[in-house]
Amino acid sequence: WDQNAALPVMSPIAAHLDALAARWIIDLLGLPTDAVATFCAGASIANLTAIITARDTLLRRVGWDTATDGLNGAPPIDIVASAEIHSSVGKALRLAGLGVGAVHEIPTDELGRAQPDAVPSAVLESDRPTLVLLQAGNVNTGHSDPFAAIIDRFDPATSWVHVDGAFGLWANAAPERRHLLDGVELADSWATDGHKWLNTPYDCGVAIVADPTALTASMAMNAAYAGADGGRSPMNLGLQMSQAARAIPVWAILATLGRAGVAEAIERCCRHAERFAAELSAGGLEVLCPPALNQVLVAFGDDAATDAVIERVQRSGAAWMGGTVWNGRRAMRISVSDTSTTEADVDLAVAAILTAHATG
């Protein structure tokens, strides 16, 4: 089982299942058929992989070769990001040598979605290469940026659009939720996570790039003792050389559930989130925004009271919900992450939350 999937020669079956699972993921998520998907160590690494690829491609278009010349003296890249972009994207910018200090933020609405009319005009009027960072599934609210309306504002010749969608990108696999991601397929790269809605083992991120040649230009490596045979070589599609055969659990889960089974698992989690929101609201609690996917935000008065309820629920052992900050307020963040969750589980958790609130 502990196979190194860097090259097909190391494990032909791992290589076969890697290619098969990658094609299935692209098809399931409704992304361009010519795109390439590669498995990596979590969505943070998927974001980093895509952002490095974007950086190299944007600079190559203006005549700069990062592979040879590095970043010292490189032409500037404008960076535009949703004000609610996930912190892992900021980390990826730092590690890619682009930094976060010069990011132009797109203000968001009350649901955490970037506003198309608020894209900074200075960037739109510039002819510099531009990296645009959007998200599918806000980590707090579950709502997604309006991709089509934002992407349409940028010139594809000078821009690269990356979408962070650890949870949210899976909505494209659920027919009743797909409308929430309108236009997401227009991006240049995407990051998602198998251990989210597929419930694969940790770690299992997926980086997807619309132009396969762009990915290999940034990620390919050569070593005399590890020559590629011309086939799909995972070590040339990502940051790692030695790597686990992460695609095997993905293949097994997709082969078992099928398209309809994945869609039902996603819908079931979303329905559970809606049940949480409805029952907690009926119990007199404040649900801070309508759920879109599997996230629910609840407040219990002031910040101290909210933190106290979270602590009591965690201590009870009946359920586990973490805390977060939304619009300057502390909130309980409920994330229905396990596809085996039942309505009875939701009701038990709701009762634990209401009891914790009542005993405060």
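Predicted model: local features only at pLDDT ≥ 70, side-chain atom pairs only at ≥ 80, totals over all residues.

Colleague: Good to know. What order do the strands of the seven-stranded open sheet come in?

Modeller: The order is β1-β7-β6-β5-β4-β2-β3, and the pairing is mixed. The edge strands are β1 and β3 (104–106), each of which pairs on one side only. On average, neighbouring strands of this sheet are turned by 20 degrees against each other, with direction ignored.

Colleague: And how does β2 pair with β3, parallel or antiparallel?

Modeller: Parallel: strand β2, residues 78–82, pairs with β3 in that sense over three bridges.

Colleague: Which strands does helix α2 lie across?

Modeller: Helix α2, residues 43–61, lies across β1, β4 (130–135), β5 (159–164), β6 and β7. Against β5 it runs at about 175 degrees.

Colleague: Nice. Switching to pockets now: what volume does the largest pocket have?

Modeller: There is about 370 Å³ of space in the largest pocket. It is lined by 18 residues, and the closest to its centre are Trp 320, Met 321, Ser 335, Val 336 and Ser 337.

Colleague: Which element gives the largest share of that pocket's lining?

Modeller: That is α10, with four residues. β10, β11 and α10 (343–358) each supply at least two residues of the lining.

Colleague: And how does the lining of the largest pocket divide by class?

Modeller: Ten of the lining residues are nonpolar, five are polar and three are charged.

Colleague: What about the second largest pocket, what is its volume?

Modeller: About 260 Å³ for the second largest pocket. Its lining has 23 residues, and those closest to its centre are His 86, Val 139, Ala 166, Phe 167 and Lys 196.

Colleague: Which residues line the largest cavity?

Modeller: Among them are Thr 38, Phe 39, Cys 40 and Ile 45, along with Pro 234, Leu 237 and Arg 246. Strand β1 (residues 36–40) gives the largest share of this lining, three residues. The classes here are six nonpolar, four polar and one charged.

Colleague: And which elements give two or more residues to the lining of the second largest cavity?

Modeller: Those are α1 (12–28) and α8 (247–282). The lining includes Ala 14, Asp 18, Ala 247 and Ile 248, and it divides into eight nonpolar, one polar and two charged residues.

Colleague: Last topic, the backbone. Which residues does the cis peptide bond join?

Modeller: Tyr 202 and Asp 203, with omega at about -15 degrees. Asp 203 sits in the loop between β6 (189–193) and β7 (205–209).

Colleague: What is the phi of Asn 199?

Modeller: Asn 199 has a positive phi of about 55 degrees, although it is not a glycine. This residue lies in the loop between β6 and β7.

Colleague: How about Asn 327, where does that one lie?

Modeller: Asn 327 is in the loop between β10 (322–326) and β11 (329–335). Its phi is positive too, about 50 degrees, and it is not a glycine.

Colleague: Why does Asn 327 count as exposed?

Modeller: Because its relative accessibility is 59%, and exposed means over 50%. Asn 199 has a relative accessible area of 27%, so it is partly exposed.

Colleague: Great, thanks for the tour!

Terms used. Residues numbered from 1 in each chain as written. Heavy atoms only, no water. Buried < 20%, exposed > 50% of the residue type's maximum accessible area, 1.4 Å probe, protein only. 1 Å grid on protein atoms, 1.4 Å probe; cavity = no way out; pocket = protein on both sides within 12 Å on 5 of 7 lines; lining within 4 Å. Nonpolar A, V, L, I, M, F, W, Y, C, P; charged D, E, K, R; others polar. Pairing = 2+ DSSP bridges. Axes fitted to C-alpha atoms, helices over the stretch in contact; angles between N-to-C directions. Contact = heavy atoms within 4.5 Å. Points joined across faces, edges and corners; volume = space filled by probe spheres on them.
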